[in-house]
Amino acid sequence: MKRILIYTTAVISLSMAGCSKDFIELAPISQNNSVNFYKSAADMKLAVNAAYGALQYSGQYWSALHEVAEVRSDNTEILDVQTGLNVVEIDIFTNQSGNTLLNGMWNDHYRGIAQCNIILNRIDAIDMDANLKNRYIGEVKFLRSLMYFNMVRTFGDIPLVLNEIKSPEEGYAYGREPVAKVYEQIIADLQDAESKLPVSYTGADIGRASSGAAKALLGKVYLTNKQWGLAAAKLKEIIDNTAENKYMLLANYGDLWKVTNENHRESIFEVQFKKGGTGEGSPFTNQFAPRGSGVIVSKVGAGLGYNIPTQDMSDAYEAGDLRKDLSLAQGYMSGNTFVPVKYITKYLDIPFQANDADNNWPVLRYADVLLMYAEALNEQGFVADGEAFGFLNQVRRRAGLADKTAVNAEPSLQVADQAAFRLAIEQERRVELAFENHRWFDLVRTGRAIEVMAEHGITIQPHQLLYPIPQLQIDINPAKITQNPGYQ
């Protein structure tokens, strides 16, 4: 039987899953009717909504990303092998190329990228309002950039598919492209998206990608590539925005996690979920509740024991940090007995049914921008009590913590040089952005992963900073898809 590249099958099938919230009005697009689809502005609206829906796939924000970005790090762990051997392997760095979770991540990202490519390849021929067409192009380029960014940080060199693939044979032409080329495309897409996207949305369109989302992701890409000046300049554009709808830190950290307050003033981009038995709800309440807790924590549907905070994570918070108890719990009461198993509290909602809650996933928010900007400034040159300190301390003050300064009688608050400021940013990002899919990528980006994981009791090798290419992808196209060094 003829083999077909996994990352191209989705392009051929044209099957699109839904997204969520009010701006989603979606009907599935099947292979049989795709020939008659993509003919009108209404068709394009459905197709763009479906591209947002790809972010909900299991191999994207539904599950895989918190496993490769949080469970992999020192933030969280798996305490029960029944949670799933594939996730346990990622936690303890024993995963190899046969890990099905990684294969699912590969497939689901390329399914989403395929959906974006179809839109971009066909939208020019559609007779529709030019401004709306430009906006759709910007939205889809942002989504494609986000998916490629997650993939290149996870696997390194990857296939760079930018066109609609209309036959299985075409898929065999795509091999792995260098990381630099992938980033070049991500940057080009984000620059174009930024120019086409509106500053904000109203009504049913709230939750779509904005120009601020493109700027924030572009700033993060520049930071990842150590392009400090470009990162600082782009992130400063967000900070300096004087529009009425300017991003801002919410006064109360706890308000960030209320399902009644999603897409708030601190939010730059969230993956939208909506409970109610329609297949659009989020699973995090159930996934992150401790295994064995029944419905005590999750209220509806059993806890699955993913992403359990480590003791090291709990200890990372300074005394008096208001974020700690709003981010994790130390355990739960079972009758009159306290069960000391930690769990994440950022994504607690009462599900409609198991794995069907209302929590969105925060991808980009303003606190992240402030900390990235402070980091970029410091990398261009340390200035004692300079501008970078101000942005670091904005985030700390919201958490109820004292400022860090270049000279301080309290040693824990003294940041005397560039190296110390790097560690201060690392610490602040860890506790501010805990359980939001930043920690592992931050450690790799700053060259600190091997050292930090050793402190956590896990010895890793340099090749484990990347994940293995899924073996199924290599088997399908061995002439073009090769394995990362160090993996079998």
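Let me start with a term: a polar contact is a pair of N or O atoms within 3.5 Å, and within protein one must be able to donate a hydrogen and the other to accept it, while residues adjacent in sequence count only if both atoms are side-chain atoms. What you see above is a predicted model, where local features need pLDDT of at least 70 and side-chain atom pairs count only at pLDDT 80 or more, although totals for chains, interfaces and linings use all residues. Residues are numbered from 1 along each chain as its sequence is written, and side-chain values use heavy atoms, with hydrogens and water left out.

Now, our example. At the start of helix α17, a side-chain oxygen of D417 comes to within 3.4 Å of the backbone nitrogen of A419. Helices here are DSSP runs of H or I with at least four residues, strands are runs of E with at least two, and both are numbered from the N terminus. Helix α17 covers residues 418-432 and spans 21 Å from its first C-alpha to its last, close to the 21 Å expected at 1.5 Å a residue; that expected span is 1.5 Å times one less than the number of residues.

Let's move to α9. Its buried residues include V182, Y183, I186 and L190, where buried means under 20% relative accessible area, exposed over 50% and partly exposed in between, using a 1.4 Å probe and protein chains only. How buried is L190? Its relative accessible area is 0%. Setting aside neighbours within four places in sequence, L190 is in contact (heavy atoms within 4.5 Å) with F142, S145, A214, L217, L218 and V221. L190 and E139 are 51 residues apart in sequence, yet 9.6 Å apart in space, C-alpha to C-alpha.

On to the pockets. On a 1 Å grid over the protein atoms alone, a pocket is an open set of points where a 1.4 Å probe fits, with protein on both sides within 12 Å along at least five of seven lines, and lining residues have an atom within 4 Å of a point. Grid points are joined across faces, edges and corners, and a volume is the space filled by probe spheres set on the points.

The largest pocket holds about 430 Å³ of space. It is lined by 32 residues, and F149, R153, Y183, T224 and F441 are the closest to its centre. Which helix gives the most to this lining? That is α7, with five residues.

The second largest pocket has about 380 Å³ of space. Of its 18 lining residues, S200, Y247, N263, H264 and S267 are the closest to the centre.
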